[in-house]
Amino acid sequence: MSLVQNFPFFSIILAMFSGILSSVLDGKKARNVSLAAIVMTTVMSAAVLHFCVRTGQSYTYMMGHFPAPWGNEIRAGVLEGQTAVLFGVVMFLAVVGGMDHTAMDVEESKQNLFYIMIDLMLSSLLALIYTNDLFTAYVFVEINTIAGCGLIMIRQIGRSLSSAIRYMIMSQLGSGLFLIGLSLLYDVTGHLLMSPAKEAVAAIEAAGLYEVPMLVIMAVVSVGLAIKSGLYPFHYWIPDTYGYATPTASAVLSGLVSKGYIFLLIKIFYRVLGRENVIASQIVNVLFVFGLAGMLMGSVHAILERDTRRMIAYSSVAQIGYIYMGIGLGTQAGMVAALFHMFTHSATKALLFISAVGLYEVSGDRKDFRSLQGSGYRNPLAGIGFAVGSLSMVGFPMLSGFISKLLFATSALQSPHKMLPTVIALAISTILNAVYFLRLVITLYTIPEAENAAGKGNDKRQRVFVAAKGQGEASAFPASSRKLRLAIVSFILLNLVLGLCSQPIVNQIGNGLTMFE
Amino acid sequence: MNTPLFVNMEETVSIILFGIGFTMLMLHRNLIKKILGMNIMDTAVYLFLAVKGYIRGRMVPIVADGIQDVSAYINPVPSGLVLTGIVVSVSTTALMLALTIRLYERYGSLDLDEILMRAKEEERA
């Protein structure tokens with residue numbers, strides 16, 4: 001066994017221990033420990049990815065001294081590696097970009113607690129990605145929920161506390177369903193490790209036994225994880241949660257946490273329940289319908305919303321709908337599209353939340369999106385970042401959103417019954433996306449009328465700059481820091497990479513899914 | 001009297017309890033009762049697991065009198081799962097209670113609807 005094969009385990013443990021270490025450090029040191037942990041785990045995940053691509057196969061890693069059907073296992077393959085690398089990069093940039101705001105929003109004495117939560121979040125996400133054991137997955141789902149709740153409530157304002165309790169309640173409903181689903185599955189199969197459980201499920205299906213319990217298990221596990229990832233009818237905690245947390249927390253929660261649960265659901269479909277059984281049970285059709293509903297209703301809510309951050313949050317509802325629609329298509333191509341959109345959404349939504357920070361800095365921290373008028377001139381880089389993110393979500397060519405829409409449309413062609421609804425919903429949802437995202441982008445580049453009339457110089461931009469300086473007291477930040485700029489530029493590059501070099505990534509996703517089976 | 005629901009009485013009871021807890025957590029407006037509901041829900045799952053792991057006429061899986069034979073003991077895995085689950089539910093309960101205290105200190109109410117309404121008003125003010 002080569003050293004690289006130990007890396008998944010090392011990265012989970014490293015992230016967890018850096019959290020424990022941070023509890024005795026002060027805020028700054030905890031932040032640096034956390035950043036170092038993220039970088040190291042990402043590098044290790046990249047090594048795992050490289051190893052799996054090179055050898056062309058996945059491997060399992062025995063935890064402790066008990067072999068397969070009894071002990072605990074970690075499994076790493078191409079898809080796991082890819083997801084872990086992308087999550088690591090997005091998390092690093094989100095932490096770096098929101099660093100100054102974290103320092104401002106969180107009390108001095110509680111700074112290290114925020115980074116403990118970040119470390120725990122990282123470790124639980126990695127564990128959800130790599131684990132091969134269902135009960136371990138449950139435990140890390142709960143750790144993820146607690147860390148997520150900590151990230152929301154650390155900003156001690158009324159709205160974030162009340163949204164934290166709502167988040168906990170919805171998450172507990174989801175975890176409860178997931179737990180009873182696992183218990184039933186353990187009853188029926190007698191296994192908690194994914195690979196032996198899959199064999200047992202196959203034997204049960206072949207014998208035609210336990211039809212109703214298997215259906216209940218599939219339904220309960222899917223609904224549980226769908227509640228936790230915020231699929232449409234269970235979405236009402238999303239806007240408050242993402243809208244009132246600190247920017248880093250919003251980016252991490254919308255970009256990564258919900259994706260971790262979706263990844264787990266796909267893993268369970270492929271590695272435990274068996275894709276054919278899930279399709280035969282019609283569960284995918286239910287997910288498909290709710291996905292379509294989410295795509296449309298999320299966008300409609302976003303159009304009605306006036307607060308920029310809540311608008312971006314409602315757009316998350318729509319994008320989660322896209323992902324579930326891809327899963328609901330039930331084909332391999334649909335699943336690839338869903339996974340690619342998962343990557344796209346992680347990168348783009350984090351970009352939007354982080355560049356919105358840059359725009360708020362120069363406009364005073366007001367809720368209404370009209371207060372952002374002209375901010376694209378006052379903070380050019382954040383304006384560009386926001387425009388790129390918006391265009392990517394709308395599906396502009398060259399950016400990653402375009403590729404995922406293309407993948408959804410082409411995969412829909414392969415399933416004749418679902419082709420028409422998918423394509424129609426894609427078209428309508430794209431138009432709705434364009435309505436609110438372009439409205440935001442146009443607002444960013446509109447000179448406020450009052451200033452337009454009052455100004456005397458010829459250069460409009462000059463005037464806006466002067467006006468911005470005049471109202472400089474409204475914002476606590478003189479200019480966006482170098483860290484924020486670095487994060488925005490890197491996120492834009494990440495989007496371009498996903499958009500322009502999509503083919504190898506898509507091939508590897510397909511490859512990874514084949515390894516799942 | 002031989003219907004499956006009656007034969008598997010313990011499982012039936014635990015699923016009914018799960019349903020009661022789930023509904024309480026979802027629909028009740030009082031935060032403390034929501035937390036009680038969450039605990040009922042989790043405990044119902046533990047009851048289910050414990051019942052499923054028990055085999056009539058066998059002993060607790062602790063080797064005491066030198067009996068090494070596997071068939072003398074019940075299945076130890078569900079008990080392990082229950083222990084892990086209890087740890088998890090204790091920590092989530094603690095977190096939710098802490099949040100409830102914070103909200104009660106701030107808004108003087110345990111009613112979730114009222115808390116959400118006051119939080120919105122507070123923001124507008």
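What follows covers the pockets, then the helix pairs.

Keep in mind that this is a predicted model.

Start with the largest pocket, which has a volume of about 490 Å³. It is lined by 14 residues, and the closest to its centre are L184(A), N8(B), E11(B), F48(B) and K52(B). Which elements give two or more residues to this lining? From chain A they are helix 7 (158-189) and helix 9 (211-229), and from chain B they are helix 1 (4-7), helix 2 (9-27) and helix 3 (31-53).

Now move to the second largest pocket, with a volume of about 400 Å³. Here 17 residues form the lining, and W70(A), G71(A), D133(A), L192(A) and V77(B) are the closest to the centre. At least two lining residues each come from helix 6 (134-153) of chain A and helix 4 (76-107) of chain B. Helix 4 of chain B gives the most, with 4 residues.

| Pocket | Nonpolar | Polar | Charged |
|---|---|---|---|
| Largest pocket | 9 nonpolar residues | 2 polar residues | 3 charged residues |
| Second largest pocket | 9 nonpolar residues | 7 polar residues | 1 charged residue |

**The helix pairs**

Take helix 7 of chain A: its axis and that of helix 6 of chain A come within 9 Å and cross at roughly 175°. Angles over 145 degrees count as roughly antiparallel, so helix 6 of chain A and helix 7 of chain A are roughly antiparallel to each other. Sorted by class, their contact has 15 nonpolar, 7 polar and 1 charged residues.

What about helix 5 (residues 111-130) of chain A and helix 6 of chain A: at what angle do they pack? The angle is about 150°, and the axes are 8 Å apart. That makes helix 5 of chain A roughly antiparallel to helix 6 of chain A as well. Their crossing is left-handed.

If you want to find this contact in the viewer, look on helix 5 of chain A for residues including F114(A), M117(A), M121(A) and L128(A). On helix 6 of chain A, the residues they meet include F140(A), I143(A), A147(A) and L151(A). The contact between helix 5 of chain A and helix 6 of chain A divides into 15 nonpolar, 5 polar and no charged residues.

Methods:
Residues numbered from 1 in each chain as written. Chains lettered and ligands numbered in written order. Predicted model: local features only at pLDDT ≥ 70, side-chain atom pairs only at ≥ 80, totals over all residues. Heavy atoms only, no water. 1 Å grid on protein atoms, 1.4 Å probe; cavity = no way out; pocket = protein on both sides within 12 Å on 5 of 7 lines; lining within 4 Å. Points joined across faces, edges and corners; volume = space filled by probe spheres on them. Nonpolar A, V, L, I, M, F, W, Y, C, P; charged D, E, K, R; others polar. Axes fitted to C-alpha atoms, helices over the stretch in contact; angles between N-to-C directions. Parallel < 35°, antiparallel > 145°, perpendicular 65-115°, else oblique. Left-handed = near helix turned anticlockwise from the far one by under 90°. Contact = heavy atoms within 4.5 Å.
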